[in-house]
Amino acid sequence: MKKAIKLIKNRSDIGAGTRGSDLGIDAIEIAAINQDSDYFNQFEFEDVKTHNESIYDKNRSTSAKRIEHVVEQCTRVCHAVKKNLEQNYFPIVLSGDHSSAVGTISGIKTAYPEQTLGVIWIDAHADLHSPYTSPSGNIHGMPLSAALADDNLSCQNNEVPLETQQHWEKMKNIGSQGAKVLAEDVIYFGVRDTEEAEDKQIKKLHIRNYKVHEVRYRGLQTCVTEALAELTNCDMIYISFDVDSMDCDMISYGTGTPVPKGFDQYEVIAIINQIIESKKVVCIEFVEINPLLDTKGNKMAETAFEVLEAVTSTLILPIE
């Protein structure tokens, strides 16, 4: 029997360097209304309490901006995801910035502590920084490091205050102690904009990255099949979809960190749908839609909604 879908709306952008992704969920809903879709009337939803006013606080740390509030927000997301999984829902998490993924991953792992989690990260960025390596201090570039509980200290270039270190330890231990996922169970699709510290970490941890040109050259179905084979030992899979994995020139610049030469929406839909067909997916998250930066009206949100609607249709199809 299929699980009922629950939409978890996390309108938080305090982990980003640019304001506006907190409006991404509303932009997607507007896109649905403009397409005469009743998508958002079809499913139950839950709004996660936010702390967006913390953007006005003076930053206590340049190496991890607003980290105490991001930890608080990710803890809320963790609890929401855990609760809904335990109530037998399938959570589709709609978030602002990508720092939320720490909370989502922690919620999955806390709900199913004995199961092995695989993560498929569809993104232009590796998000493998820590406060010790981040050039910007923006925590939306750190969620995977927190989930892996790996600080990459061999590449340290920041002096991190004790208070920030303590908050970072809390972030790594949201929901339960220690790493939520192993590096061998993380697979990238579309990552193409990284810093040296991340490149060294990817190499050290042997994280597989299916770049856009490889997917197109070798074939999308072949690459996804291979990725799923690499996650054979995983009991469950979480898909994290950052809209900047898509080509900013083809789609739009409606995201905080746009990068050219990415996927189109049809490729993203095909990747996610094939992963869903593995019957291991327990949660999907959409992040980083920023309508304030969109130079084509509401194009990014419209495209994100196209992906959301398509993959939801696959989720609710009966199991053969």
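In this predicted model, L220, Q221, V224, T225 and L228 of α9 meet E267, A270, I271, Q274 and I275 of α10. By class, this contact of α9 with α10 comprises six nonpolar residues, three polar and one charged. Helix α9 covers residues 220-230, and its axis comes within 10 Å of that of α10. The two axes cross at roughly 35°. The crossing is right-handed.

Helix α4 spans residues 100-111 and packs against α3 at an angle of about 35°. The axes of α3 and α4 lie 7 Å apart. This crossing, too, is right-handed. On the α3 side, the contact is made by C74, V77, C78, V81, K82, L85 and E86. Helix α4 contributes S100, V102, G103, T104, S106, G107, I108, T110 and A111. Eight nonpolar, six polar and two charged residues make up the contact of α3 with α4.

The sheet was examined next. Eight strands form an open sheet in the order β2-β1-β3-β8-β7-β4-β5-β6. The pairing is parallel. Strands β2 (44-47) and β6 (208-210) are the edges, and each pairs on one side only. From one strand to the next, the twist averages 20°. In general, sheet strands pair through backbone hydrogen bonds, in either a parallel or an antiparallel sense. Here, strand β4 (residues 117-122) pairs with strand β5 (residues 186-189) in the parallel sense, over four bridges. V119 has V186 of β5 as its bridge partner.

Helix α10 (residues 265-276) packs on this sheet. The strands touched by α10 are β4, β5, β7 (236-242) and β8. The direction of α10 makes about 170° with that of β7. Helix α3 (residues 67-86) lies across β1 (4-10), β2, β3 (89-95) and β8 (281-287). Relative to β1, α3 runs at about 170°.

The loop between β7 and α10 holds D264. Not counting residues up to four places away in sequence, D264 touches R216, M246 and M250. C248 is 16 residues from D264 along the chain, and the C-alpha atoms of D264 and C248 are separated by 9.3 Å.

Rolling a probe the size of a water molecule over the atoms shows where empty space is left. One cavity of 30 Å³ or more is present in the structure. The largest cavity contains about 60 Å³ of space. Its lining consists of N10, S12, I14, V70, Q73, C74, V77, G96, D97, S99 and S100. Helix α3 supplies the largest share of that lining, with four residues. Four lining residues of the largest cavity are nonpolar, six are polar and one is charged. C74 and V77 of α3 and S100 of α4 also belong to the contact between these helices.

The lining of the second largest pocket has two nonpolar residues, 12 polar and eight charged.

Methods: Residues are numbered from 1 along each chain as its sequence is written. This is a predicted model: local features need pLDDT of at least 70, side-chain atom pairs count only at pLDDT 80 or more; totals for chains, interfaces and linings use all residues. Side-chain values use heavy atoms; hydrogens and water are left out. Ala, Val, Leu, Ile, Met, Phe, Trp, Tyr, Cys and Pro count as nonpolar, Asp, Glu, Lys and Arg as charged, and the others, Gly among them, as polar. Two strands pair if DSSP finds at least two bridges between them. Helices (H or I, at least four residues) and strands (E, at least two) are DSSP runs, numbered from the N terminus. Axes are lines fitted to C-alpha atoms, for helices over the stretch in contact, and angles run from 0 to 180 degrees between N-to-C directions. Contact means heavy atoms within 4.5 Å. On a 1 Å grid over the protein atoms alone, a cavity is a set of points where a 1.4 Å probe fits but cannot get out, and a pocket is an open set with protein on both sides within 12 Å along at least five of seven lines; lining residues have an atom within 4 Å of a point. Grid points are joined across faces, edges and corners, and a volume is the space filled by probe spheres set on the points. A crossing is left-handed if the near helix is turned anticlockwise from the far one by less than a right angle, and right-handed if clockwise.
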